[in-house]
Amino acid sequence: MQIHRRNIIAGGSILLATGAFFGFGIFRNNQAAAKPAFPYQKSDAAWRRDLSRAQYDVLRQEETERAFSSPLNNEKRKGTYVCAGCSQQIYRSNDKYDSGTGWPSFIRPISGKVATKTDYSIGLPRTEVHCARCGGHLGHVFDDGPKPTGKRYCMNGAAMKFIAA
């Protein structure tokens, strides 16, 4: 069997593209990815001390709570949702709606209060939502929400606290 240079190049290109897309295998950077600096920072020990286990797992480890497990999913009062990590206001109650997904959902955040990044943790790209102040993981945003924004900010209740008006 004869090996041609073009076959090696084509095979290498496919392998490179697969590794880059999925972010694993021989192409994964073994060093921790550089995280952006957020204005509000604490040591990992301080986060562990100040947050409940569920809050820490969601905010600092980017975990997802079980659907329908958060009392905030059924919260109907007027008020503001704040980051459980740093108390920054992130969502208003008048922007909340029942998406039927089992997580508190909003049509929009308070302007400038969240940051996003692309998340490949399930192998496909999703838009991950973080608190712009402390970098805590809040949830994900999807393009299947109601008008006027068409967005569904699907948040983990453990990542937030509710302050009644």
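Two strands count as a pair if DSSP finds at least two bridges between them. Keep that in mind for the first close-up of this predicted model.

**View 1. Strand β1 meets strand β2.** Here strand β1, residues 79-83, is joined to β2 by three bridges, so the two pass the cut-off of at least two. They run antiparallel. Look for Thr-80: standing opposite this residue is Arg-92 in β2.

**View 2. The whole open sheet.** Step back and you'll find three strands, in the order β2-β1-β9, with antiparallel pairing. The edges belong to β2 (89-92) and β9 (160-164), each of which pairs on one side only. Neighbouring strands in this sheet are turned against each other by 30° on average, ignoring direction. What holds strands like these side by side? Strands of a sheet pair through backbone hydrogen bonds.

**View 3. Lys-42 and its salt-bridge network.** Side chains of opposite charge can pair when their charged atoms come close. Lys-42 does this with Asp-50, with 2.6 Å between the closest N and O atoms. Arg-49 joins in too, linked with Lys-42 and Asp-50 in a network of salt bridges. Lys-42 is partly exposed, at 25% relative accessible area, and Asp-50 is also partly exposed, at 38%.

View 4. The structure holds ten salt bridges, and here are two of them. Arg-77 meets Glu-75 at 2.7 Å, N to O; Arg-77 is partly exposed at 49%, whereas Glu-75 is buried at 14%. Arg-126 meets Asp-119 at 3.0 Å, N to O. Arg-126 is partly exposed at 21%, but Asp-119 is buried at 8%.

Notes:
Residues numbered from 1 in each chain as written. Predicted model: local features only at pLDDT ≥ 70, side-chain atom pairs only at ≥ 80, totals over all residues. Heavy atoms only, no water. Helix = DSSP H or I, 4+ residues; strand = E, 2+ residues; numbered from the N terminus. Axes fitted to C-alpha atoms, helices over the stretch in contact; angles between N-to-C directions. Salt bridge = Lys/Arg side-chain N within 4 Å of Asp/Glu carboxyl O. Buried < 20%, exposed > 50% of the residue type's maximum accessible area, 1.4 Å probe, protein only.
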